[in-house]
Each structure stands twice: as structure tokens, then as C-alpha cells.
Amino acid sequence: MTTYNKLVRDRIPEILDEAGKKYNVETLNHDRYILELRKKLMEELSEYQEAANDEESLGELADILEVIYALAEVHGESFEKLEQLRKQKAEENGAFADKVYLMDVEE
């Protein structure tokens with residue numbers, strides 16, 4: 001039996017059932033869920049950084065977004081509110097479209 005000990009997508013047990021696999025799962029409490037979502041975000045980010053091409057990169061970005069949506073929800077907000085905050089920050093500070101790389105600032 002392979003040990004995973006990680007948060008997985010909701011349909012994974014159904015998929016394992018369809019494949020005739022035996023498995024063990026548990027439902028996490030709120031605090032553990034947040035902890036595991038944070039770990040999952042780092043896992044997905046690592047997979048994005050290791051992606052070999054644009055297709056893999058986009059797939060990993062989709063996974064990152066799914067985790068971000070879940071994190072927004074556990075912090076009491078919707079994706080729409082998160083998007084509103086993103087737009088507000090982009091308006092106030094800009095986005096990253098201009099590819100500006102700050103080297104230093106004289107104090």
C-alpha cells in the first residue's frame with residue numbers, strides 16, 4: 001500500500017472506488033484543513049516550478065487556483081471578493097505586466 005498523507009481533491013475516493021482500490025481517508029477539522037491547504041499550495045507551486053512546458057505549467061496553475069479558491073473560502077471570503085482585492089491592489093500598485101525588476105533603492 002502506498003502512503004500519501006496529503007489533501008486530495010474531493011472526487012479522488014470516487015475515482016479509487018471505480019478503480020476497485022482499497023484506501024483510507026479522514027475528514028479534516030477546520031484548523032487541520034487550513035494547514036493541509038497551505039501544504040497543498042506549496043506542493044502545487046513546486047510542481048508548477050518543475051513543469052517542463054506551457055501545457056504542464058497551465059495545468060499546475062489551474063491546480064494552484066483551486067487551492068486558492070478553497071483558501072479564500074476557509075478565510076470567509078468568496079473568489080469574487082478575492083478578485084476584487086486583486087484588482088484593487090493592481091490599481092494601487094500595478095500588476096506585473098511591465099516586467100519591472102527592482103534592483104535597489106537608495107535610502
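**Charges and ground rules**

I counted charges to start: the protein has 14 positive and 27 negative side chains, and the centres of the two sets lie 5 Å apart. For this count Lys and Arg are positive, Asp and Glu negative, with His and the chain ends not counted. I took the place of a charge as NZ of Lys, CZ of Arg, CG of Asp or CD of Glu.

The model is predicted, so local features need pLDDT of at least 70 and side-chain atom pairs count only at pLDDT 80 or more, while totals for chains, interfaces and linings use all residues. Residues are numbered from 1 along each chain as its sequence is written, and side-chain values use heavy atoms, with hydrogens and water left out.

**Fold and overall shape**

I listed the elements next. The protein has four helices and zero strands, in the order α-α-α-α from the N terminus. Helices here are DSSP runs of H or I with at least four residues, strands are runs of E with at least two, and numbering starts at the N terminus.

I then checked the dimensions. The radius of gyration is 18 Å, whereas a compact globule of 107 residues would have one near 13 Å. That radius is taken over C-alpha atoms, and the globule rule is 2.2 Å times the number of residues to the power 0.38. Along the principal axes, the C-alpha atoms fill a box of roughly 60 × 35 × 25 Å.

**Surface and contacts**

I looked up the accessible surface: about 9,600 Å², with 51% belonging to carbon and sulfur atoms. The areas come from the Shrake-Rupley method with a 1.4 Å probe; for residues, only the protein chains shown count as cover. Of the 107 residues, 14% count as buried. Buried means under 20% relative accessible area, exposed over 50%, and partly exposed in between (1.4 Å probe, protein chains only).

Contacts (heavy atoms within 4.5 Å) came next. Among those between residues at least 6 apart in sequence, 47% join residues at least 24 apart.

**Core**

Which residues form the largest nonpolar core? I found seven: L7, I34, L37, V67, A70, L71 and V74. Helices α2 (30–49) and α3 (54–74) are the elements that give two or more residues to this core. α3 gives the most, with four residues. Such a core is a set of buried Ala, Val, Leu, Ile, Met, Phe, Trp, Tyr and Cys residues joined through side-chain atoms within 4.5 Å.

Leaving aside neighbours within four places in sequence, L7 is in contact with L28, Y33, E36, L37 and K40.

Is E36 buried or exposed? E36 is buried, at 7% relative accessible area. This residue lies in helix α2. Not counting residues up to four places away in sequence, E36 touches K6, L7 and L28.

**Single residues**

F79 sits in helix α4. I read its relative accessibility as 32%, so F79 counts as partly exposed. Its C-alpha is 5.8 Å from that of Y69, 10 residues apart along the chain.

Most residues other than glycine have a negative phi. N5, not a glycine, has a positive phi of about 45 degrees. N5 lies in the segment before α1 (12–18) and is exposed at 71% relative accessibility. K99 also has a positive phi, near 60 degrees. Its place is in the segment after α4, and at 75% relative accessibility K99 counts as exposed.

D98 is in the segment after α4 (79–93). D98 is exposed, at 68% relative accessible area.
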